[in-house]
Amino acid sequence: MSDLIHYRLEDGVALIGLDREPVNALGQSLRSALAEACERAAMDHRVQAIILYGEHGLFSAGADIREFGTDASFAEPDLPSTLVRLTEIHKPMIAAIGKLALGGGLELALACGYRIAEPGARLGLSEINLGLLPGAGGTQRLPRLIGAESALNLILSGEHIDAERARLLGILDRIAPSAEALLDEARAYAHELIDCSAPARPAQAWPEPTEGLPDDFLARYRAEHEPRWKSRLAPRLVLCALEAACLLPLEEGLARELALFKEAEASRQSKALRHVFFAERESARIPGVSADIPLRRISKVAVVSAGTMGGGIAMNFANAGIPVALLERSGSALDRGLTQIRSHYESSVKRGKLSIEQVQQRMDLLFGTLDYADLYDADLVIEAVFEKLEVKQEVFRTLDQVCKPGAILATNTSSLDVDALAATVSRPQDVIGLHFFSPANVMRLLEVVRGKATVPDVLATTMNIARRVGKLPVISGVCFGFIGNRMLEPYAREAHRLVLEGATPAQVDGVLTGLDLNMGVFSMLDLAGVDVNFLVRDSNRAAIAHDQSYCRLGDELYAMGRYGQKTGRGFYLYEGRNRKDDAEVIALAERLADELRIPRAPMDDRQILERCLFVLINEGIQLLDEGIALRAGDIDLVWINGYGFPAHLGGPMHHAEQLGLDKVLAGIRHYRQALGEYGEMWFQPAPLLERLVAAGHPRIEQI
C-alpha cells in the first residue's frame, strides 16, 4: 500500500485515510493509491462498509491545480473514472469530512453513498474561480442530490458553505458532535448501515433535478444571470452541464460534463484565472526575507483619523478581534466616525451578515480618543489623514514622540513619498506604507509600500497582519502612486486626451467595460471623486507640466466643483447612482480642444482600447524594470483587486502576454509616430518591453 494511504480493517469496516499533506490534493499519485485501496476493500469479503477520511483531519481541498493544463490532469487513473468506479462498489461507503471538502474533494464525497462531517467543515465546488466547472461528477451528482436550482447556485457562486447549511441542503447526512469525534461517529454510522443491510447508495433524493420548477427554469435562469457573466465562459459551461444533468441519464451526463470541463480547461480564461491563483500565493513571498523571520507582536492597533477611510481601516482590525484606538482632533468628528462605523455594521445585520451581538463585540473593540498620548501602547499605528505631505509629516512627528519603541508607523497615503515621511521620525526603519483601497472595510487589496529604510521584520509583520484581517497584500517600492495609481496616471491621461480628440466619456467607458472591466475610467473617477484625482495629480504637477492638455478636462471640472457622484455632477450627471451623459462636458471638451489646438474627429473604438490599454501595460512593465513591483503577477493582482481589471483576463500583464508583447510594442511605436508631438511625449516604449521583444521572450519578467 502507498505511503499516501493508510488502510486498516476494523470489525468489518475498512478505514481508508488520505495522507498527502498539506491538503490531500487529488493528484495522480493519490488518485492511484486511493483507487488501489478501494479495490482492495471491494474485493475483501470481510469488508462490509468503507470509510474515507483525511489522516490528519482535513478531507481534501480538491484536485492538484498544478496538473491543470498539463498531461497529468488526466493521467490514469483520472479523477472522473476513479469516482465512477467508487460508485460501482457494492458496499456502503462513507465520506468522513474533516475541515474541507472542496472541488474534487467534494466530488469524491459525492461519489460515496453517505456523508458525515465535523461541525466546522467547509464544503464547496469552487472550480468557477479558476474558470472551470466541476469535471468529476459534481454537476451531475449534486443536482440529483439537492435539486437543480440549489446545485446551480452553489456551483456558480463557488461559495464555501458550513456543515449545517450542507446538511439542510441535503449534501450531508449527519454532523458529528466535534472534530475529535468525527471518525468514531463515522464508525458508528457504518455499523448502523451494516446492521440494517443498507444499500451501497441510497435512492436519489432528486431523480428529476428540476422537479417542482417551471418547465422553462433553465432558460429563465440563463436570461436572468447571463448579462452579469459578460464574456465569461465558465458560467455558461456550468449551465450546459446542469442542462445535461436534467435531460440525460447519469452516464451520458458525466460524459457531457467531462467534455465541457476539457473545453474550459483549454480556454484562455481558465489559464488566466489559474495564473491569478498562483500569483496570489507567490505574492506572499518576500525575496531575501526568510519565511520564519520572527514577527513583531500586533495586539493593539491605532488609527489616526475617524473619517471614511480611517473608520474603514479600523473596522478591518475590529472584525479580526484586534482592539483599535481611533484618534480624532475633535469630539464631533470622533462621534461622527464611530456613528458611521456602527451604521456600516447595522447594515450588515439587516443583510443577515452579522448578529446584533457580533456588532457589539466589534464596537467594544473600538476606543475613541482625542489625545495622542492614548496611542502609547499601540503596536501598529496607521495614519489616514488628509493627503498632503506636510499634514502627514506633522502627524508622524507627533507619533514619533508618543509611540513606544518598536511600534510600526504606517501611512495610508495613496501616492506620497513614504521615504519623505520616514525622514521626519527618529526611527525610519519602523515606517511603512499601507495603502488601503476605498471602501477600506470592503476592498481586499492592500499595497504594502516598502521604504528604503524599512527593515525586514516590519515588512514581514505587516504582510502577516494584512492577511490576518482578510486583505491581499502586495509589496510595492516607493514612487509616485506606487503600483496601482502610478499605472492609473497614463491610463486616465489617455482617456482624458481621447475626449479632447473627439471621443465622449461614455464611448471611452463603453470600450473599456466591453473588455469586461468593472468600470470605465470616467465612471471610476466620478465614483472615487474628481477632486481626489485632482489632488493626487496636483501633487505631481511638476512631472506633467510639459503637457498643457494633461487631464485638463478633469482640472476644469474640479474648478467647477463637479466632483462626481457626491456632488451629482462630474464627467456625468447623476440622479442617485443613475448616470446620464452630460452635453456640458462635451461642450467643455470642444472648447478646451480649440484652446489647445487639438484637432477633433470621430474616434474609433479600437484606437480607444489600444491607447488606454497599451500605456497601462507599458507603465506596468516599466515598474517591473525599476524594481517598484517585484513580479508581473503582483501588478496583475493590484489591478484586478483594486481597479476592476477582469480576473478572467489575468490582469494587464498576463493579458499583454496573451495579446503578444510584440503586438503591444508595435502599437506603442505606431501611436508614438501617428500622434505627432503628443505621441513623442508619452508613447515611449519601456526598455524592458523592447528587450523582451528583441529576445523573443513571451513572458513579462526581468531579463
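**Loops, sheet and surroundings**

Colleague: Where is P77 found?

Modeller: P77 sits in the loop between strand 3 (49-54) and helix 2 (79-87). Helices (H or I, at least four residues) and strands (E, at least two) are DSSP runs, numbered from the N terminus. This is a predicted model, in which local features need pLDDT of at least 70 and side-chain atom pairs count only at pLDDT 80 or more, while totals for chains, interfaces and linings use all residues. Residues are numbered from 1 along each chain as its sequence is written, and side-chain values use heavy atoms, with hydrogens and water left out.

Colleague: What is the geometry of the peptide bond from E76 to P77?

Modeller: The bond from E76 to P77 is cis, with omega near -5°. A cis peptide bond also joins S438 and P439, where omega is about -5°. P439 belongs to the loop between strand 15 (431-436) and strand 16 (445-449).

Colleague: Is N24 buried or exposed? And is S197 buried or exposed?

Modeller: Buried means under 20% relative accessible area, exposed over 50%, and partly exposed in between (1.4 Å probe, protein chains only). N24 is buried, because its relative accessible area is 6%. S197, at 64%, is exposed. Over the protein, buried residues make up 56% of the 703 residues.

Colleague: In what order do the six strands of the open sheet run?

Modeller: Strands of a sheet pair through backbone hydrogen bonds, either parallel or antiparallel. Two strands count as paired if DSSP finds at least two bridges between them. Here the order is 1-2-3-4-6-9, and the pairing is mixed. Strand 1 (5-10) and strand 9 (174-175) are the edge strands, each pairing on one side only. Strand 1 pairs with strand 2 (residues 13-18) in the antiparallel sense over six bridges; Y7 has I16 of strand 2 as its bridge partner.

Colleague: With which residues is Q393 in contact, leaving aside its neighbours within four places in sequence?

Modeller: Contact means heavy atoms within 4.5 Å. With those neighbours set aside, Q393 touches A420, L421 and T424. Q393 lies in helix 15 (residues 389-402) and is buried, at a relative accessible area of 16%. Its C-alpha atom is separated by 67 Å from that of L250, 143 residues apart along the chain.

Colleague: Which helix holds E619?

Modeller: E619 lies in helix 25 (residues 605-626). E619 is buried, with a relative accessible area of 19%, and, leaving aside neighbours within four places in sequence, it is in contact with R486, M487 and P490.

Colleague: How does the radius of gyration of the protein agree with that of a compact globule?

Modeller: The radius is taken over C-alpha atoms, and the globule rule is 2.2 Å times the number of residues to the power 0.38. For 703 residues, a compact globule would have a radius near 27 Å; the protein has 28 Å, which agrees. The C-alpha atoms fill a box of roughly 90 × 60 × 50 Å along the principal axes.
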